[in-house]
Amino acid sequence: MSKQTNKQEPGRGNFFEDFHVGQVFRHATPRTVTEGDCAFYIALTGSRHILHCAQPVAHAMGYRDRTVDDLLAFHIAFGKTVPDISVNAVANLGYADVRFLSPVYPGDTLSTSSTVIGLKQNSSGNNGVVYVHSVSRNQSHEPVLEWKRWVMVHKQDITRPAPATVIPELPAVVPVERLHVPAFVDCRQFETALTGGQRLWDDYEPGERINHPAGMTVDDSDHTLATKLYQNNARLHFDAQMMKDTPFGRRLMYGGHVISICRALSYDGLENAMCVAAINAGTHSNPSFGGDTFYTWTEVLERWELPGKKGIGALRLRMVGLKNLPARELPDTHIEQNGKKVYHPNVVLDLDYTILMPRR
């Protein structure tokens with residue numbers, strides 16, 4: 001396997017023409033996740049999921065400590081990849097086959113590596129899509145996260161010929177047998193009074209929709225601080241001077257932070273969602289900016305039993321994030337435009353993911 005080459009300029013990052021299939025990046029600067037990181041994440045998102053908030057509850061379920069919020073761990077691991085993969089991005093386009101493999105605790109140190117698994121130059125010749133498979137490990141070299149994503153990256157030299165197109169085959173769903181549930185987890189004595197929500201795994205039905213009532217406005221300062229917390233240095237989130245001459249005219253909000261906001265908003269109605277087991281697929285369907293107000297709704301796609309697990313089941317969910325439009329006011333995610341179905345302009349996120357939840 002080939003390794004990354006030295007950059008010509010510090011901080012230049014890679015442009016589309018610098019990538020080739022099979023290229024391996026061992027990303028710089030491992031990150032120790034602290035209690036302060038966890039507290040700051042709550043300040044930025046308002047996340048209330050109990051496994052990440054209450055140490056005695058985590059102990060009662062078998063964990064040695066309260067865990068780092070799954071999405072905070074993901075964003076930090078993801079942030080490590082940005083200087084090599086997407087510092088010159090036009091936009092991050094999607095995720096697939098995201099698996100949470102082991103709990104992350106405060107004090108753990110995460111290191112991430114990525115392999116290029118696909119390339120496709122766009123018809124304009126000005127940019128192309130890079131597909132990568134990334135793995136994050138803790139200080140004991142145990143994998144805690146892995147994912148695949150695709151990102152549109154600028155070309156610096158548009159005269160460079162297009163590489164051979166390679167589009168990897170990506171699974172539509174992480175199947176139930178590939179979900180990781182630690183053997184020690186025991187939810188048989190779970191108390192719903194701790195979360196304020198009475199509904200457990202057994203009470204959700206495939207096809208039902210939950211319009212989460214709360215909204216949250218995210219200011220420029222909020223999303224800038226969040227993206228710094230994740231050490232994601234993609235220029236389109238920070239460089240207002242660069243972005244003013246783009247069609248957007250301003251800095252974009254990091255799409256991963258939109259996921260975190262929507263997940264926090266989904267607490268009302270999914271109070272007993274314990275942790276994220278997988279992200280099956282995801283699309284950032286429209287850009288988000290500072291000052292946008294977010295709402296979300298959830299559709300229950302599937303309910304999976306987990307044989308042999310102690311008082312726990314899995315729900316496959318579709319989380320739809322909206323900007324500046326309450327969930328109850330949008331019955332569908334798509335509209336008809338020029339004879340084609342496209343995302344409604346207020347839909348910013350369409351995420352298919354799987355959570356674990358205590359059952360009766």
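Predicted model: local features only at pLDDT ≥ 70, side-chain atom pairs only at ≥ 80, totals over all residues.
Figure 1. When its neighbours within four places in sequence are left aside, Ser-260 is in contact with Tyr-41, Thr-45, Leu-71, His-75 and Tyr-230. Among the buried residues of H6 are Gly-255, His-257, Ile-259, Cys-262, Arg-263 and Leu-265.

**Figure 2. Lining of the largest pocket.** The largest pocket has a volume of about 350 Å³. It is lined by 26 residues, of which Ala-91, Asn-92, Leu-252, Met-253 and His-284 are the closest to its centre. Two or more lining residues come from each of helix H3 (70–85), strand E3 (89–100), strand E6 (143–154) and helix H6 (255–265). Strand E3 gives the most to this lining, with five residues. By residue class, the lining of the largest pocket is made up of 16 nonpolar residues, nine polar residues and one charged residue.

Figure 3. Over the whole structure, a search finds 10 aromatic pairs. In one of them, the ring centres of Phe-74 and Tyr-95 lie 5.8 Å apart and the ring planes stand at 70 degrees, so this pair is edge-to-face. Because Phe-74 lies in helix H3 and Tyr-95 in strand E3, the pair ties together parts that are 21 residues apart in sequence. Phe-74 counts as buried at 1% relative accessibility, and Tyr-95 is likewise buried, with a relative accessible area of 1%. A further edge-to-face pair is formed by Tyr-230 and Tyr-254, whose ring centres are 5.9 Å apart and whose planes are at 65 degrees. Tyr-230 lies in the loop between helix H4 (220–229) and helix H5 (240–243), whereas Tyr-254 lies in the loop between H5 and H6, so this pair ties together parts that are 24 residues apart in sequence. Tyr-230 and Tyr-254 are both buried. Ring pairs link Phe-74, Phe-78, Tyr-95, Trp-147, Tyr-230 and Tyr-254 into a cluster.

**Figure 4. Arginine side chains over tryptophan rings.** In one part of this view, the charged end of Arg-209 sits over the ring of Trp-297, at 3.9 Å from the ring centre. In the other part, Arg-303 lies over the face of Trp-201, at 5.0 Å from the centre of the ring.

**Figure 5. Lining of the largest cavity.** Four cavities of 30 Å³ or more are counted in the structure, and the largest cavity has a volume of about 210 Å³. Its lining consists of 20 residues, the closest to the centre being Asp-70, Phe-100, Ser-102, Pro-103 and Val-276. Helix H3, strand E6 and strand E9 (275–283) each supply at least two residues of this lining, and the largest share, three residues, comes from E9. The lining of the largest cavity divides into 15 nonpolar residues, four polar residues and one charged residue.

**Figure 6. Lining of the second largest cavity.** The second largest cavity holds about 60 Å³ of space. Its lining is formed by Cys-38, Tyr-41, Ile-42, Ser-47, His-52, Cys-53, Arg-66, Thr-67, Asp-69 and Leu-72. Helix H1 (residues 35–45) provides the largest share of this lining, with three residues. In terms of residue class, the lining of the second largest cavity comprises five nonpolar, three polar and two charged residues. Tyr-41, which is one of these lining residues, is also among the residues in contact with Ser-260.

**Figure 7. Gln-241 in helix H5, shown with Arg-251.** Gln-241 lies in helix H5. The relative accessible area of Gln-241 is 52%, which is over the 50% cut-off, so Gln-241 is classed as exposed. From C-alpha to C-alpha, Gln-241 and Arg-251 are 8.9 Å apart in space, while in sequence they are 10 residues apart.

Conventions. Residues numbered from 1 in each chain as written. Heavy atoms only, no water. 1 Å grid on protein atoms, 1.4 Å probe; cavity = no way out; pocket = protein on both sides within 12 Å on 5 of 7 lines; lining within 4 Å. Points joined across faces, edges and corners; volume = space filled by probe spheres on them. Helix = DSSP H or I, 4+ residues; strand = E, 2+ residues; numbered from the N terminus. Nonpolar A, V, L, I, M, F, W, Y, C, P; charged D, E, K, R; others polar. Phe/Tyr/Trp six-rings, centres within 6.5 Å; stacked < 30°, edge-to-face > 60°. Buried < 20%, exposed > 50% of the residue type's maximum accessible area, 1.4 Å probe, protein only. Lys NZ or Arg CZ within 6 Å of the ring centre and 35° of its normal. Contact = heavy atoms within 4.5 Å.
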